[in-house]
Amino acid sequence: MSGENAGGTSPDTARIAPDSHATTTGMTGHGYYDANSRTQWNAIEAVLPLLDHAAATFPLKGDGVITFADYGCSEGRNSVAVMERALRTALPRTPLPVQTVHSDLPTNDFGTLFQNLRPHGQSVFGSGRVFSSAVGGSMYDQLRPDRSVHLATTFNAIGFLSRRPVETLPGYIQPNGPSAIRGNGFVSEEETAAFRAQARRDVEAFLKVRARELVPGGQLLVQVFGATDEAKTCDGIYDLLNDAVLGFVETGEIDRETYDRYYQPVYMRRLEELTGPALDPGSETADLFELNQARDYEITVPFVEQYKEDGDLDTYATAYVHFFRAFTEAVLTNALPDTPERGGLVDRVYERADEILRAAPDLYPFRYLAVAMLLTRKP
Ligand SMILES: C[S@@+](CC[C@H](N)C(=O)[O-])C[C@H]1O[C@@H](n2cnc3c(N)ncnc32)[C@H](O)[C@@H]1O
């Protein structure tokens, strides 16, 4: 993987209306997400043993083809790496052809995805038995025929809510609230409860549609950024974005009403909030899957480790801001009035974030916590 500092931005995708079960138009495109998602890869790498287990145990019966599907694949670099890993275990198990399906919102940068899938005019997977395709749609909807998928995965994606549960979030820009260190805002109990309930409905919706798509015995690996007693993955990054945006509210370039309505619709789940819909006896989705494994964990963040080693604040600030710009830019852009100045204003928000971080790096420490579960579709 390359460093956390390449690529350009994609205001064009931000202007397209979101899917009806989505609250973002996707990541910043044209290779920007791919270039700035080594941290997300580290979070995936930590659960590769679960993926290996799934690839070794999915049922081999297929109507002439075995299908693997990855939901929320973005531009595909990490999605391709995931499939490569699964194929290593799966191909020796079956003579059947394998189809890899890479799915994301219709507004995703599928051009970059297709280039990743066929980099030199040939399949990246280097096997005549592997065929790839892409599907545009919300992961909260059914996107594949009934009983057609053998192994389904999603990484760093199901935290993006399917809908905005509140109209305004006037105290802060992210539902889990500010970090204890920075404390630069507030989210009320009532607001938090609305997001928690939405996050639960989203896991239920996701499980329901995947249950239809999966063959009996099919494997489902769900992994996403989250929270533990120790910290939340939103700490630091959203404090910084909040401070940067508020700077423009103070100068009047972003009006207060726009700020009140603007929030990043992502929720940091704890492990029990991920597994609850599959396990709680009262839940509609409790009988669909068997839980094989579940865990929460923390990974090292490459740009944080680098900074600890070399103390190079310039490189750290650039990588840090590029990292969170890749997944926040589309929502921020869509939250601002659609004027000719909008693109420039968005650029300046991230430049401001860079300046604030350089001035006080200790105020915005960032850690990456994640939660994951591996499920088997019940017969
Ligand atoms: C942080 S990226 C993760 C990409 C990749 N899985 C990885 O781990 O590097 C999150 C992805 O989820 C997608 N996403 C957000 N909401 C979605 C929805 N409702 N349906 C499908 N994909 C969605 C975004 O477009 C984005 O590509």
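## Ligand surroundings and local features of a predicted model

Of the 21 residues around the ligand, those that come nearest are Y33, G72, N78, D104 and M139; a residue is counted as near if one of its heavy atoms lies within 4 Å of the molecule. This is a predicted model, in which local features need pLDDT of at least 70 and side-chain atom pairs count only at pLDDT 80 or more, whereas totals for chains, interfaces and linings use all residues. Residues are numbered from 1 along each chain as its sequence is written, and side-chain values use heavy atoms, with hydrogens and water left out.

**Ligand contacts**

| Residue | Protein atom | Ligand atom | Distance |
|---|---|---|---|
| H21 | backbone N or O | nitrogen | 3.1 Å |
| N78 | polar side-chain atom | oxygen | 2.8 Å |
| S138 | side-chain N or O | nitrogen | 3.2 Å |

Taken alone, the ligand exposes 600 Å², and the protein buries 99% of that area; accessible areas come from the Shrake-Rupley method with a 1.4 Å probe, and for residues only the protein chains shown count as cover. The space that the ligand takes is the largest cavity. On a 1 Å grid over the protein atoms alone, a cavity is a set of points where a 1.4 Å probe fits but cannot get out, and a molecule sits in a cavity if more than half of its atoms lie within 2 Å of its grid points.

N78 is placed in helix α5 (residues 77-90). Helices (H or I, at least four residues) and strands (E, at least two) are DSSP runs, numbered from the N terminus. With a relative accessible area of 8%, N78 is buried, a term for values under 20%, whereas exposed means over 50% and partly exposed in between (1.4 Å probe, protein chains only).

Why is helix α10 described as largely enclosed by the rest of the structure? In helix α10 (residues 271-279), 7 of the 9 residues are buried, so the helix is largely enclosed. The buried residues are L271, E273, L274, T275, G276, P277 and A278. These residues pack against α7 (189-213), β5 (214-225), β6 (289-299) and β7 (368-377), where contact means heavy atoms within 4.5 Å.

In helix α11 (residues 302-310), the buried residues are P302, F303 and V304. Their cover includes α3 (38-45) and α12 (313-335). E305 also lies in α11 and counts as partly exposed at 31% relative accessibility. From C-alpha to C-alpha, E305 and Y316 are 9.5 Å apart in space, and they are 11 residues apart in sequence. Just after α11, G311 takes a positive phi of about 60°.

**Strand β1**

I66 lies in strand β1 (residues 66-71) and is buried, with a relative accessible area of 0%. Leaving aside neighbours within four places in sequence, the contacts of I66 include F58, P59, L60, T94, L96 and H150. The C-alpha atoms of I66 and Y316 are separated by 43 Å, the two residues being 250 residues apart along the chain.

**Loop residues**

Most residues other than glycine have a negative phi. H30, which is not a glycine, has a positive phi of about 60°. This residue is found in the loop between α1 (11-14) and α2 (32-35), and H30 is partly exposed, with a relative accessible area of 49%.

R147, also a residue other than glycine, has a positive phi near 50°. R147 is found in the loop between β3 (130-136) and β4 (149-155) and is exposed, with a relative accessible area of 62%. The loop between β3 and β4 is also the place of S148, which is buried at a relative accessible area of 16%. The side chain of S148 reaches the backbone oxygen of P145 at 2.8 Å. Leaving aside neighbours within four places in sequence, S148 is in contact with T67, E213 and V215.

Conventions
Polar contact = N/O pair within 3.5 Å; in protein donor to acceptor, adjacent residues only side chain to side chain. 1 Å grid on protein atoms, 1.4 Å probe; cavity = no way out; pocket = protein on both sides within 12 Å on 5 of 7 lines; lining within 4 Å.
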